[in-house]
Amino acid sequence: MRKNSPIPVPASLLERAAYWRNRPMLLFLLAAFPAVLAAGSLYDAFLLSLITLVLTVATQTVLSFVAGRMAQWARILCAALLSAGVMTGLYPLIGLCFPDFFERTLFVLPMLVLQPMVLPLGDARLFALPPKTAVWDALVRSAFFAAVVLVCGLLREFLAYGSVFGVALLGEDAALLPAFAEPFGGFALLGLEAALVQGIFRRYRHKKAEGGREE
């Protein structure tokens, strides 16, 4: 074999990469798992969404200025280092401003570092968007992430404690399904959300296909 000949990439690996690249919603839901796990209330869900917003916008904005001249592997490495650096800076600030929240979610906060990277990993060119486009892309992705996490946090708090944002709606110590206070409640709700979104997309594609046949 010649020294300069490219190393072949296994077809199975290429197929696996294409599978994830063509399923951004599945990647997104996998990225939301850590936050949903910790979002036992609407308050926690709001703070987790805010932290993710800062991580995603900061990481993707900085990359938009430097990643255009990098190889794809270097973009991914740079994104990981940037996201980890931003989270390292946020750690003491979160602990100082929200000590109770920090103690409850300490185990999951490091996992949020992956969220800014999980969708662009399907196509590393997304790390090299123009600055204005990069900011809008980060804001839109953060908004979808927040919607998923906030709905889970709202439902978990209501079902487990009968309250919303700490305000008791069903009386003191009232709860419909206390088990939803546990992490499995977040996983169950995330699965329901994923099924709902998948059903909406499937229905939309079906209607679009029918419209195309009628034309």
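A salt bridge here is a side-chain nitrogen of Lys or Arg within 4 Å of a carboxyl oxygen of Asp or Glu. A search of the whole structure, which is a predicted model, finds two salt bridges. The legends below cover these, the aromatic pairs and two further residues.

**Figure 1. Salt bridge between Asp44 and Arg104.** The side chains of Asp44 and Arg104 form a salt bridge, with an N to O distance of 2.5 Å. Asp44 belongs to helix 3 and Arg104 to helix 5, so the pair links distant parts of the chain, 60 residues apart. Asp44 has a relative accessibility of 4% and therefore counts as buried, the limit being under 20%. Arg104, at 41% relative accessibility, is partly exposed. Side chains of opposite charge can pair when their charged atoms come close.

**Figure 2. Salt bridge between Asp137 and Arg141.** The closest N and O atoms of Asp137 and Arg141 are 3.0 Å apart. Both residues lie in helix 7 (residues 131-161). They are four residues apart, about one turn of the helix. Asp137 is partly exposed, at a relative accessible area of 23%, whereas Arg141 is buried, at 9%.

**Figure 3. Aromatic pair of Tyr43 and Phe165.** The structure holds two aromatic pairs. In the pair shown, the ring centres of Tyr43 and Phe165 are 6.2 Å apart and the planes stand at 85°, so the arrangement is edge-to-face. The angle decides this because planes over 60 degrees apart count as edge-to-face. Tyr43 is in helix 3 (residues 42-66), and Phe165 is in the loop between strand 1 (163-164) and strand 2 (167-168). The two residues are 122 residues apart, and the pair links distant parts of the chain. Tyr43 is partly exposed, with a relative accessible area of 32%. Phe165 is also partly exposed, at 44% relative accessibility.

**Figure 4. Aromatic pair of Tyr91 and Phe102.** This pair is edge-to-face, with 5.5 Å from centre to centre and 90° between the planes. Tyr91 comes from helix 4 (residues 72-97) and Phe102 from helix 5 (residues 99-105). Eleven residues separate them, and the pair links distant parts of the chain. Tyr91 has a relative accessible area of 23% and is partly exposed. Phe102 is buried, with a relative accessible area of 17%.

Figure 5. At 0% relative accessibility, Thr105 counts as buried. The C-alpha atoms of Thr105 and Ala35 are separated by 8.8 Å. Along the chain, Thr105 and Ala35 are 70 residues apart.

Figure 6. Val164 has its place in strand 1, and the loop between strand 1 and strand 2 holds Phe165. Val164 is partly exposed, at 23% relative accessibility. A C-alpha separation of 6.5 Å is found between Val164 and Leu154. These two residues are ten residues apart along the chain.

How values were computed. Residues numbered from 1 in each chain as written. Predicted model: local features only at pLDDT ≥ 70, side-chain atom pairs only at ≥ 80, totals over all residues. Heavy atoms only, no water. Phe/Tyr/Trp six-rings, centres within 6.5 Å; stacked < 30°, edge-to-face > 60°. Buried < 20%, exposed > 50% of the residue type's maximum accessible area, 1.4 Å probe, protein only.
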